[in-house]
Amino acid sequence: HKANHRQYLSDESKFKEVVKIENPDIKRKIHYTYRLQYLKDVVLARILDDPTFSVLNSLIFFHQVDIVQHLQSNAMFLTELFSIFGPQETDKQRQKDAVLFIGQCCAVAKNIQAGARAQLYQNLINGGLFNVITFALRHQDAAVRVAGTDVLVAMIDHDPLMMRSHVFKAISEREKPLTDTLIELLLVEVDLGVKAQMADAIK
């Protein structure tokens with residue numbers, strides 16, 4: 001079968017803007033990164049030599065760093081992103097897309113420098129990341145729960161002390177800590193992948 005790479009790449013329905021990105025350079029970089037990843041993982045997957053693989057990975061990495069740095073330094077973008085989880089939002093699909101978007105940001109952040117990663121998490125936490133994690137873990141869609149646990153595990157891998165202090169803060173303020181929510185959800189979770197990640201997070 002002939003692969004229709006042009007047709008696949010020209011289909012922009014896969015590009016979802018949860019919050020509108022105003023900067024045309026960043027939007028262009030997002031499309032470039034998507035195409036580079038497709039080139040690396042699909043088009044050239046069987047014929048890639050090590051130097052070309054390394055060059056493509058470097059290009060993807062630097063684009064991702066620029067994208068994450070821009071988004072995390074854009075206060076208006078972050079405010080609008082986290083307002084999606086407010087009581088006034090009625091679009092359930094938009095909330096789902098927002099969780100998946102935050103999950104992608106955290107997945108990209110695993111590869112960037114520690115300082116930039118710490119700054120990203122701090123900005124996300126200031127926006128209300130813990131509320132988003134709780135929302136995601138209780139969601140009926142398994143894909144959203146997977147994204148929520150991915151974010152949680154990424155944060156724990158980055159800084160376990162930050163997570164512990166959040167749990168202690170909730171206990172001292174007589175609020176329900178994240179650990180209690182995790183244990184309750186672990187008992188009713190049906191997706192084995194999510195269950196395993198929740199168990200890892202608790203450990």
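This is a predicted model: local features need pLDDT of at least 70, side-chain atom pairs count only at pLDDT 80 or more; totals for chains, interfaces and linings use all residues.
## Helix 7 against helix 8

Two packed helices are described by the angle between their axes and the distance between the axes. Helix 7 covers residues 129–137, and its axis lies 7 Å from that of helix 8, at an angle of about 140°. Angles over 145 degrees would count as roughly antiparallel, so this pair is classed as oblique. The crossing of helix 7 past helix 8 is left-handed.

On the helix 7 side, the contact is formed by L129, F130, I133, A136 and L137. On the helix 8 side, V144, R145, G148, T149, V151, L152 and M155 take part. By residue class, this contact of helix 7 with helix 8 has nine nonpolar members, two polar members and one charged member.

## Helix 5 against helix 8

Helix 8 also packs with helix 5: their axes come within 9 Å and cross at roughly 35°. Here too the crossing is left-handed, with helix 5 passing helix 8.

Helix 5 contributes K96, V99, L100, I102, G103 and C106 to this contact. From helix 8 come A143, V144, A147, G148, V151 and A154. The contact of helix 5 with helix 8 divides into nine nonpolar residues, two polar ones and one charged one.

## T149, a residue of helix 8

T149 sits in helix 8, which spans residues 142–158. Is T149 buried or exposed? The relative accessibility of T149 is 1%, and the cut-off for buried is under 20%, so T149 counts as buried.

When residues up to four places away in sequence are not counted, T149 touches L137, V194, Q197 and M198.

## D97, a residue of helix 5

D97 is placed in helix 5. D97 has a relative accessible area of 15% and is therefore buried. Which residues are in contact with D97, leaving aside its neighbours within four places in sequence? They are K16 and V18.

## Aromatic pairs

The structure holds three aromatic pairs. In one of them, the ring centres of F61 and F62 are 5.2 Å apart and the ring planes stand at 65°. Planes over 60 degrees apart count as edge-to-face, so the pair of F61 and F62 is edge-to-face. F61 counts as partly exposed, at 22% relative accessibility, whereas F62 is exposed, with a relative accessible area of 51%.

F85 and F135 make another pair, with ring centres 5.3 Å apart and planes at 70°, so this pair is edge-to-face. The pair links distant parts of the chain, since F85 and F135 are 50 residues apart. F85 is in the loop between helix 4 (75–83) and helix 5 (92–109), while F135 is in helix 7. F85 counts as partly exposed at 21% relative accessibility, and F135 counts as partly exposed at 27%.

S10 belongs to helix 1, which runs over residues 5–10. The relative accessibility of S10 is 54%, so S10 counts as exposed.

How many residues apart in sequence are S10 and F85, and how many Å apart in space? The separation is 75 residues in sequence and 32 Å in space, taken from C-alpha to C-alpha.

A170 is located in helix 9, residues 160–172. With a relative accessible area of 8%, A170 is buried. A170 touches E175, K176 and P177, when residues up to four places away in sequence are not counted.

R174 lies in the loop between helix 9 and helix 10 (178–188). At 80% relative accessibility, R174 is classed as exposed. Most residues other than glycine have a negative phi. R174 is not glycine, and its phi is positive, near 55°.

Key:
Residues are numbered from 1 along each chain as its sequence is written. Side-chain values use heavy atoms; hydrogens and water are left out. Helices (H or I, at least four residues) and strands (E, at least two) are DSSP runs, numbered from the N terminus. Buried means under 20% relative accessible area, exposed over 50%, partly exposed in between (1.4 Å probe, protein chains only). Contact means heavy atoms within 4.5 Å. Axes are lines fitted to C-alpha atoms, for helices over the stretch in contact, and angles run from 0 to 180 degrees between N-to-C directions. Angles under 35 degrees count as roughly parallel, over 145 as roughly antiparallel, 65 to 115 as roughly perpendicular and the rest as oblique. A crossing is left-handed if the near helix is turned anticlockwise from the far one by less than a right angle, and right-handed if clockwise. Ala, Val, Leu, Ile, Met, Phe, Trp, Tyr, Cys and Pro count as nonpolar, Asp, Glu, Lys and Arg as charged, and the others, Gly among them, as polar. Rings of Phe, Tyr and Trp (its six-membered ring) pair if their centres lie within 6.5 Å; planes under 30 degrees apart count as stacked, over 60 as edge-to-face and the rest as tilted.
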